[in-house]
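Please look over the chain shown here before reading on. The report is written for someone meeting this structure for the first time.

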Amino acid sequence: MNKLEAFGHIAALAIRGDLVFPTSVNAALRVQLALENPDTPIDEAIRLVLAEPQLAARTVALANSAMFNRSGNTVTNVRAAITRVGYHNLYALAAAMVVRQFGAKITDPVVRAKAEQLWQHSVYVACLARIIARDVTEVNGDTALFAGIVHEVGGFYLLSRADEFPGLLDPDPDNWQPASEEIIMREVMAKLAIPEEVATAIEGLRDGFLGVPPESLLDTLLLANHFAPVDSPLAQPREETPQSESVVDLFIDEQMAAEILDEAERDATSMTAALLV
């Protein structure tokens, strides 16, 4: 099966809602969907987290990471960890588990390497998005972090199917891949119940342009992708024009960019350690 046939087959299955998720993804997804309700009692949230040992361990680890433990005080239980990171970040953590688990059973070393690079890219974009939301666009930082974590979820899904469809990662000289990717990404996001605001911003990444001034979630993700030191291995070449570079420079000068990247590097390191699989 060549690349065109593989994409066509997966896209057709996605449109029918026939998406193949690992069992571990479904478990994390159940937790994520429950935590979507901000009125969920904390005792129920604790019960859900404790039911997934990996999530429980990572929640405590994330709460103690440099990203959330600015005081230096260590927490040692799930209740204290949830109180510190909050429901929004716990929701993002469950989503990160979903994203990571897509690549857990990949056997091809080349595909595994791409999945690892895609994960590193996603972590950097998430950390950068949170900082850019705070310092530049003033959108909700928790939403920006979550959007960064899941913005390549369609790509993770495709990589998880690459062992079944060897032609999936072949070169694409005719450039018809983006249309199929968009269909698959949209259906995967729907299956994962990604909120509409986040899904719309992610869909806009392919052809979106930075607003002046940048003030939307899409702008936040565009800037985060622009500054991410690790590229997506699945990204289609996109020409950066002098005009687009100058628009970025209007709002983030060289010194500010260096400060943002330095903070994002620290956050990405601590987040990766907390979410290590």
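Predicted model: local features only at pLDDT ≥ 70, side-chain atom pairs only at ≥ 80, totals over all residues.

Residues are numbered from 1 along each chain as its sequence is written, and side-chain values use heavy atoms, with hydrogens and water left out.

The secondary structure comes to 13 helices and 0 strands, where helices (H or I, at least four residues) and strands (E, at least two) are DSSP runs numbered from the N terminus. Of the 277 residues of the chain, 51% count as buried, a term that means under 20% relative accessible area, with exposed over 50% and partly exposed in between (1.4 Å probe, protein chains only). Among contacts (heavy atoms within 4.5 Å) between residues at least 6 apart in sequence, 76% join residues at least 24 apart.

Two helix pairs can be set side by side, with axes as lines fitted to C-alpha atoms over the stretch in contact and angles running from 0 to 180 degrees between N-to-C directions.

| Helix pair | Angle | Axis separation |
|---|---|---|
| Helix 7 (residues 141-150) and helix 10 (residues 196-203) | about 55 degrees | 10 Å |
| Helix 6 and helix 11 (residues 217-227) | about 125 degrees | 8 Å |

Angles under 35 degrees count as roughly parallel, over 145 as roughly antiparallel, 65 to 115 as roughly perpendicular and the rest as oblique. Helix 7 and helix 10 are therefore oblique to each other, and their contact is made by Thr143, Phe146, Ala147 and Val150 of helix 7 with Glu197, Val198 and Ile202 of helix 10. Leaving aside neighbours within four places in sequence, Val198 touches Leu217 as well as Thr143, Phe146, Ala147 and Val150.

Helix 6 and helix 11 are likewise oblique to each other. Residues of helix 6 including His121, Leu128 and Ile132 meet residues of helix 11, among them Asp219, Leu221 and Phe227.

Helix 6 (residues 109-137) also holds Lys114, which at 25% relative accessibility counts as partly exposed. The C-alpha atoms of Lys114 and Gly155, 41 residues apart along the chain, are separated by 10.0 Å.
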